[in-house]
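My notes follow in the order of the look-ups.

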Amino acid sequence: VFPILTFFLLYLFIRALTENRLYALASALWLMFYAGIILYIPPFNLVELKVLILKFFPFLVDKVPMSPKYLLREAFIPGAPFFLLAFYFVYKAVSAEARQKLYLALAGIFYGLLFYLYFFFWVFTSVFLGIFFFALLVKRKTSEASVIFIAGVIGLIVSIPFWINYVNLAQLPQYQEIINRTVGVEVGHAFRWELWMDYLSYVGIAALSLWLGKKLGKPVKALFLAALALAGIAVLNVQVVSGFNVQSDHWFSRIFIITHSIIWASVAYDLFLYFKPPLTLWIDKYRRALKILLCIIVLYFSASVLYNQIIIERRAVDNYMVPNSLMDSYKWLNENTPNDSVVMAPALETNMEIPVYTHNRIFLARAHNSLAPDEEILDRLYVTYKLFGIPTAKLDEMIQTFEGVFHFFTVKYFSRELDAYMGGKHAGYALPREVREKVLNEYTFFRLPAEIPYRFDYIFIGPYERKLGVSLVSFESYKQVYERGGVTIYKASKS
């Protein structure tokens with residue numbers, strides 16, 4: 001549903017910018033399939049040039065060079081539609097001749113909703129609105145500037161419950177622990193001079209937008225596109241003022257992939273309009289051939305996407321296969337256990353699948369989406385592993401994997417350098433040696449308490465647990481409620 005909605009909104013937005021239905025339809029289709037190409041225009045080195053070229057010829061390489069960006073993430077995370085709607089209504093609020101008040105209200109509402117969706121969405125939009133507002137003032141377009149100001153105020157009002165919730169979160173004793181392990185913070189006040197070529201391209205596209213706006217008599221649209229481009233420089237360097245940024249690679253892969261798509265789609269059409277008069281005779285002469293060529297291009301790139309997806313899914317098919325025995329046990333949990341009852345299992349694979357396939361909760365708290373303190377997260381790990389009789393060597397093996405680090409520590413020990421997420425040479429998702437030794441030492445001397453202080457209702461032993469070498473001795477006094485296909489489930493209350 002969400003990719004379809006994203007496609008429709010891309011069409012709607014580009015149509016509003018270009019006032020051409022066919023071009024908007026073709027552009028939206030292209031961007032849904034090949035949005036990743038936008039990030040390589042212009043290429044700044046030979047590697048990027050090679051990647052850009054290969055993206056147009058996926059049949060020539062064994063390693064798939066691209067996949068539909070919006071179909072990967074937006075298939076289950078409904079972020080892009082809200083992000084697009086916020087900008088669409090902002091543009092309509094300053095450009096539409098009718099229903100301006102409605103567009104103004106919707107612009108403010110959808111801007112405010114971004115606070116509840118994604119940090120990068122509302123930060124970028126806030127920066128954009130600020131740049132757009134001051135650009136309009138400089139050009140003495142006070143009426144449009146007042147619209148942007150009011151939209152911003154409405155958005156901030158809509159966001160008030162978000163800030164109330166944030167203040168409540170910040171009052172938790174473990175707040176700093178939660179931030180440290182869930183937010184990829186990059187600390188420092190330095191300007192990212194190493195991205196100067198990107199900045200130059202953003203300034204260039206902004207200048208081109210302004211020039212085309214002047215030539216075509218569309219100054220407000222030009223300021224809108226220029227602000228959208230220049231906001232990229234600002235968000236990449238918010239740390240200059242704030243002292244921190246957050247996972248800067250997400251600006252490119254989550255934000256610019258959308259905003260730059262809109263900019264390039266609009267600028268490309270405006271360039272066509274500017275050069276259209278001298279090309280009119282040529283276009284009229286070869287109109288039929290051009291339509292055939294357009295159809296061939298659409299078919300070629302559609303086939304390329306289909307080819308990519310077939311190759312990708314063949315390579316990843318094992319990641320989406322769940323044995324029938326496990327699916328039967330998950331079905332049993334859904335049919336025979338209360339909603340939100342807690343299941344204890346030591347295998348990370350099981351703890352990833354249970355929340356997906358059942359209505360149960362998991363005992364092993366995940367560091368990246370739990371409010372539990374760090375101490376409790378590790379305590380739950382020790383309780384689970386001790387109860388299942390898992391040796392220290394297996395624990396050591398698990399916490400050295402990406403899945404283990406991400407589940408129990410997430411980004412707590414990730415580098416906080418400004419280039420940490422932008423290609424810097426850092427350890428990544430790996431535990432420092434002293435932390436690993438501390439965890440192993442605590443587990444070695446950990447003793448199960450007489451009464452486990454955390455709730456759990458069921459104990460799950462499946463094929464992944466058996467690979468860990470679990471001991472069933474501890475469960476002899478528990479009531480077995482399920483046994484089938486190598487999966488055993490016990491009820492936590494002892495018989």
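Which residues in H7 meet which residues in H12? I note before answering that the model is a predicted one.

**Entry 1: the helix pair.** On the H7 side I listed Phe124, Val127, Phe128, Ile131, Phe132, Ala135 and Leu136. Their partners in H12 are Val220, Leu223, Phe224, Ala227, Leu228, Leu230, Ala231, Gly232, Ala234 and Val235. Sorted by class, the contact of H7 with H12 has 16 nonpolar residues, one polar residue and no charged residues.

I then looked up the geometry. Two packed helices are described by the angle between their axes and the distance between the axes. H7 spans residues 119-138 and H12 spans residues 219-236; their axes come within 8 Å and cross at roughly 135 degrees. That angle makes H7 oblique to H12, because only angles over 145 degrees would count as roughly antiparallel. I logged the crossing of H7 and H12 as right-handed.

Entry 2: Leaving out residues up to four places away in sequence, Phe224 touches Phe13, Phe87, Val90, Tyr91, Phe128 and Phe132.

**Entry 3: positive phi.** I looked up two residues other than glycine with positive phi. For Gln247 I read a phi near 35 degrees. Gln247 sits in the loop between strand E2 (244-246) and helix H14 (249-285). Is Gln247 buried or exposed? Its relative accessible area is 15%, so Gln247 is buried, the limit being under 20%.

Thr410 has a positive phi of about 50 degrees. I placed Thr410 in the loop between H20 and helix H21 (433-444). With a relative accessible area of 5%, Thr410 is buried.

**Entry 4: Glu403.** Where is Glu403? I found Glu403 in helix H20, residues 402-408. Its relative accessibility is 42%, so Glu403 counts as partly exposed, a class that lies between under 20% and over 50%. I also checked Glu403 against Asp374: the two are 29 residues apart along the chain, and their C-alpha atoms are separated by 17 Å.

Conventions. Residues numbered from 1 in each chain as written. Predicted model: local features only at pLDDT ≥ 70, side-chain atom pairs only at ≥ 80, totals over all residues. Heavy atoms only, no water. Axes fitted to C-alpha atoms, helices over the stretch in contact; angles between N-to-C directions. Helix = DSSP H or I, 4+ residues; strand = E, 2+ residues; numbered from the N terminus. Parallel < 35°, antiparallel > 145°, perpendicular 65-115°, else oblique. Left-handed = near helix turned anticlockwise from the far one by under 90°. Contact = heavy atoms within 4.5 Å. Nonpolar A, V, L, I, M, F, W, Y, C, P; charged D, E, K, R; others polar. Buried < 20%, exposed > 50% of the residue type's maximum accessible area, 1.4 Å probe, protein only.
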